[in-house]
Amino acid sequence: MAPDSPRRCVTDLVHRPQILTCRELVAAGTLLTAAAYVPPAWGRLLSEKAAVGPGTFEDGVASGEPAPDAVTFWGRLTTERPRSGARLIVAEDDGLTKTVATVVVPTGRAIDGALKTRVTGLQPNRFYFYAWQSADGVSPTGRTKTAPVADSDVPLNLAYSSCQRYPTGFFNGHVEAAASPDLDLYLFLGDYTYEYGPESGARPEGAIPSLDLRSYRETNKLYRADPGLRELHRRHPSVHIWDDHEVADNYSENNPAPSELQRTAAYRASFEWMPRMVMPSDRFRIYRQTLLGRQAEVILLDQRQYRTGDGDGQPRRLLGDAQMEFFLGRLKGSQARWKIVANQVMIAPLKAAVVPVIADQWDGYPDDRKRVLDTIADARISDVVFLTGDIHTYMANQVLRNADNGAPIATEYIGGSITSEGLPDQSGLIATAVLAGNPWIKQFNGEAKGYATVGLTQEAAKVTYRVSDITRPGAPHSTLAAYTQPVGVNDFTRDAGAAAPVNAAAPAAPTGRAVRSAAAPTAALARRRRAYEKHVAQQLARLERTQGARKQAKR
Ligand SMILES: [Fe+2]
């Protein structure tokens with residue numbers, strides 16, 4: 001590998017002067033390089049001396065885990081070399097001229113070409129732009145945003161989704177979320193990938209049976225080839241919690257359960273593809289918190305990895321002891337107004353003759369749920385909001401003191417699914433039965449597909465459910481329902497007139513250029529939507545060729 005010397009800088013940069021001059025690079029490198037680091041657990045897998053090598057960036061860019069002074073940056077280098085590296089450039093402007101940091105990050109075959117680093121020393125509540133650079137290539141330019149300072153009451157815009165089964169439909173929700181001019185954080189609440197295959201559906205080519213490191217990596221790569229998902233990652237910082245399908249359906253209950261080897265392979269692939277740093281003390285720990293000023297604390301949970309009691313002779317526990325202590329500690333200790341719980345499975349009870357009790361949810365872990373609800377009620381913790389995935393249904397639930405009775409002490413907003421199948425209920429009989437048997441559930445729609453947005457201020461939280469036809473790429477969205485939750489009330493009202501269709505703006509096709517946030521005129525939006533659809537078609541054609549080549553290779 002060539003050393004990352006100033007001479008090498010000139011060679012690297014001479015063909016792309018729009019990125020950075022060598023002088024700027026060296027100056028910026030001395031500014032903040034020391035503040036960045038690679039995930040500790042990866043260190044032993046990589047070259048001790050990082051250096052920039054040749055390679056291309058075919059999988060987009062991503063950022064996540066925003067703090068007031070830091071962001072985690074992600075990229076992926078495709079190269080023939082077993083060990084190599086790439087340079088991250090972070091700047092204040094979309095032309096990458098006002099550089100604030102450059103970092104050379106090692107990578108290699110052992111981590112599937114993943115590039116990950118956390119840059120500190122940034123300013124709070126600000127947009128930054130970034131790109132990765134190899135010896136002969138440059139990535140698309142991404143945008144990210146740091147978190148507000150701890151005492152900030154600045155309003156926040158969040159969005160979230162779950163359950164993006166690729167073959168089932170198009171990720172239109174991601175297209176619209178990507179187009180948002182200003183998201184402080186996007187939350188992926190699990191089932192980011194599915195292990196099934198082969199499958200039928202709108203995109204049958206998007207299924208790779210996954211059970212080992214190679215196939216989990218292939219699945220992550222395939223999902224990230226979706227232009228909507230890729231664009232969402234390019235334009236907004238995100239966090240991710242996994243659910244079961246990143247490994248296997250309801251895997252803790254399978255008999256036999258997946259081996260440690262399989263779980264490790266799936267967790268490892270997920271870490272390789274996410275802008276999430278490894279915790280030195282616990283290689284696969286994903287439960288943690290993200291602070292967004294005084295306005296909100298996002299508590300990320302893991303409701304799969306530590307489950308016990310499924311025929312293993314142990315008590316039924318959803319979170320495990322250590323995570324439960326962490327969760328209760330964050331609830332009791334949080335200084336933030338809104339305690340946003342990124343939650344995989346439904347915490348409100350679900351009882352109906354037409355729907356069996358789902359033991360996979362908090363319903364199957366009543367002792368754990370009681371402990372959480374008792375803590376919230378006894379400590380008088382207000383403004384706890386559960387954002388939930390898993391069940392492929394839009395719901396808005398009061399969380400009651402004793403689960404199925406008592407006063408509301410928290411709320412739960414279940415955000416449907418990006419594509420995964422819910423409950424077919426064209427007659428509305430299931431919804432009617434569920435609403436009748438569960439008075440704390442105020443909304444039930446198992447058919448609509450999409451995502452949700454969350455606006456947070458000092459006065460209220462506003463949650464909006466956005467849905468579209470996932471059988472058509474780039475289909476416009478409408479609002480299924482919207483809810484307003486005043487601060488201190490722990491309950492919500494449904495906004496009148498929220499069901500009126502609202503056409504959504506589609507983002508530009510990924511071009512590698514920097515993000516523009518100004519609203520575009522209608523004709524331009526139509527052009528951009530056509531460009532997006534063309535891009536989707538090109539992506540699919542490429543995937544078909546890849547799949548064809550894979551089949552040929554297997555013969
Ligand atoms: Fe799911």
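In the predicted model, strand 6 (residues 127-133) runs antiparallel to strand 7, and the two are joined over four bridges. Within this pairing, Tyr128 faces Thr144 of strand 7. Both strands belong to an open sheet of four strands, arranged in the order 4-3-6-7 with antiparallel pairing. Strand 4 (99-108) and strand 7 (142-145) form the edges of the sheet, each pairing on one side only. Direction ignored, neighbouring strands of the sheet are turned by 30° against each other on average.

The largest nonpolar core comprises 89 residues, of which Tyr160, Leu187, Ala342, Val385 and Leu387 touch the most other members. For Ala342, the contacts beyond four places in sequence are Leu187, Leu189, Ile241, Val298, Ile299, Leu300, Leu301 and Leu387. Another core, of 29 residues, lies apart from the largest one and includes Phe73, Val90, Val103 and Phe129.

Helix 9 (residues 429-437) contains three buried residues, namely Ile430, Ala431 and Val434. When the helix is viewed down its axis, these buried residues fall within an arc of 95° and therefore line one face of helix 9. In general, an α-helix has 3.6 residues a turn, so residues three or four places apart point the same way. The buried residues of helix 9 pack against strand 17 (441-445). On the face turned away from this buried side, helix 9 carries the exposed residues Leu429 and Ala436.

How values were computed
Residues are numbered from 1 along each chain as its sequence is written. This is a predicted model: local features need pLDDT of at least 70, side-chain atom pairs count only at pLDDT 80 or more; totals for chains, interfaces and linings use all residues. A residue is buried if 20 or more other C-beta atoms lie within 10 Å of its own, exposed if 12 or fewer, and partly exposed in between; C-beta atoms are placed from the backbone. The arc is that of the directions from the helix axis to the C-beta atoms. Two residues are in contact if their C-beta atoms, placed from the backbone, lie within 7 Å. A nonpolar core is a set of buried Ala, Val, Leu, Ile, Met, Phe, Trp, Tyr and Cys residues joined through C-beta atoms within 7 Å. Two strands pair if DSSP finds at least two bridges between them. Axes are lines fitted to C-alpha atoms, for helices over the stretch in contact, and angles run from 0 to 180 degrees between N-to-C directions.
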